[in-house]
Amino acid sequence: MTARRAERAYALLLRAYPPAFRASYGREMTLCFRDLMRDARRPGLGFWMAIVADVARTAPTLRVEALRARGNPNERMEGGGMRAMGALAVAIGLLQAVNALIELKGGGTAGWPALVVAIAIVLSVLLVVAGIALLADASSARTLSRIAAVCWLVLVVLVRAVHPWMSIFSTLLAVVFPMALLVYAWTRRSPRTV
Amino acid sequence: MPVRDPEAQLPLTPATFHILLALVGEERHGYAIMQEVAERTDGTMKLGPGTLYGSLKRMLEQGLVEESDERADPALDDERRRYYRITRVGLSVARAEARRLEAMVRSARQKKLIGRATA
């Protein structure tokens, strides 16, 4: 195998590592691999077995570490859409709070629906708080966003149960936004690696 | 998070301890660390790139080592390489680990598992 092909094969193996780790150390690792190839002179099966074993031994651990880092609630989020997502959360939260208050004041609710409306007000406030945290780039933004989104989805199911006539637009808005917020909270994060 | 109590970091993994030893008194880049470890252990311990950089990543996070700068190694090629050096905390942790290992070897000698070290 030529040196160039070998480096290409090693680059494929490097894909087993988490992207943040690859970004930080991929180039250095490739340089090390190149040096190892040069010193091995005729790298055979033993050489490749050692390289593959090294990747197989270390990549899963680093992947788990990266996942744990992703689950760290104090980790800050990043990404261009953070302000937009925060503004949307505040807007939808306020809209829902006003809507719930109107419904509560209108007196058209009794028993379970009244409780749902009260929960809706609390969750709206939670969504507004999460939105403000996102706008302020607070360290708790990720946790708050996840809690707000999950609670919101639970509320939608509840509302659909007692208000089956809820409009498709409202349902879509109530489901799509928290889903988007959840996905955003899971995927957008600052790399912890130095 | 940087280490406060060196003893709390023990025991170190063999890779971490060997990397710290390789960096005592000298800045080295990744491949130079690998070579130093292989030479020091008579080839019994060969660090692969994944083991080396996985360990270095954690050691950087714990403040045991730090990056110095990027420069070429004239002995190898013109590629610029990242150099690493041991920190004061790293040195304390390495010393604490060496003392721990020394105590273990002493115990093994008392049990006559190994003989006296020859000068």
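1. Let's start inside chain B. The buried residues of α1(B) pack against β1 (28-29), α2, α3, β2 (65-72), β3 and α4 (88-110) of chain B. Helices here are DSSP runs of H or I with at least four residues, strands are runs of E with at least two, and both are numbered from the N terminus. Being in contact takes C-beta atoms, placed from the backbone, within 7 Å.

2. A word on what you're looking at: this is a predicted model, where local features need pLDDT of at least 70 and side-chain atom pairs count only at pLDDT 80 or more, while totals for chains, interfaces and linings use all residues. Residues are numbered from 1 along each chain as its sequence is written, and chains are lettered from A and ligands numbered from 1 in the order in which they are written.

3. Why is helix α1 of chain B largely enclosed by the rest of the structure? Because 8 of its 10 residues (the helix covers residues 14-23) are buried. The buried ones are A15(B), T16(B), F17(B), H18(B), I19(B), L20(B), A22(B) and L23(B). Buried means that 20 or more other C-beta atoms lie within 10 Å of the residue's own; 12 or fewer makes it exposed, and in between it is partly exposed, with C-beta atoms placed from the backbone. After α1(B) comes G25(B), with a positive phi near 80 degrees.

4. Now look at α1(B) beside α3(B). Their axes come within 10 Å and cross at roughly 80 degrees, the axes being lines fitted to C-alpha atoms over the stretch in contact, with angles from 0 to 180 degrees between N-to-C directions. The two helices are therefore roughly perpendicular; that label covers 65 to 115 degrees, with under 35 roughly parallel, over 145 roughly antiparallel and the rest oblique. From α1(B), A15(B), T16(B) and I19(B) meet T51(B), S55(B), L56(B) and M59(B) of α3(B). This contact has 4 nonpolar, 3 polar and no charged residues. Nonpolar covers Ala, Val, Leu, Ile, Met, Phe, Trp, Tyr, Cys and Pro; charged covers Asp, Glu, Lys and Arg; the others, Gly among them, are polar.

5. Chain B also has an open sheet of 3 strands, in the order β1-β3-β2, with antiparallel pairing. Strands pair if DSSP finds at least two bridges between them. Between β2(B) and β3(B) there are 6 bridges, and V65(B) has I86(B) as its bridge partner in β3(B). Between β1(B) and β3(B) there are 2 bridges, with R28(B) partnered by Y84(B).

6. Where do the two chains touch? The contact takes 19 residues from chain A and 17 residues from chain B. On the chain B side, α3(B) gives the largest share, 9 residues. That side divides into 7 nonpolar, 5 polar and 5 charged residues.

7. Finally, the core. The largest nonpolar core has 37 residues, and C32(A) and I19(B) have the most contacts inside it. Such a core is a set of buried Ala, Val, Leu, Ile, Met, Phe, Trp, Tyr and Cys residues joined through C-beta atoms within 7 Å. The most residues, 7, come from α2(A). Leaving out residues up to four places away in sequence, C32(A) touches G30(B), Y31(B), M34(B), P49(B) and L52(B).

Conventions: Contact = placed C-beta atoms within 7 Å.
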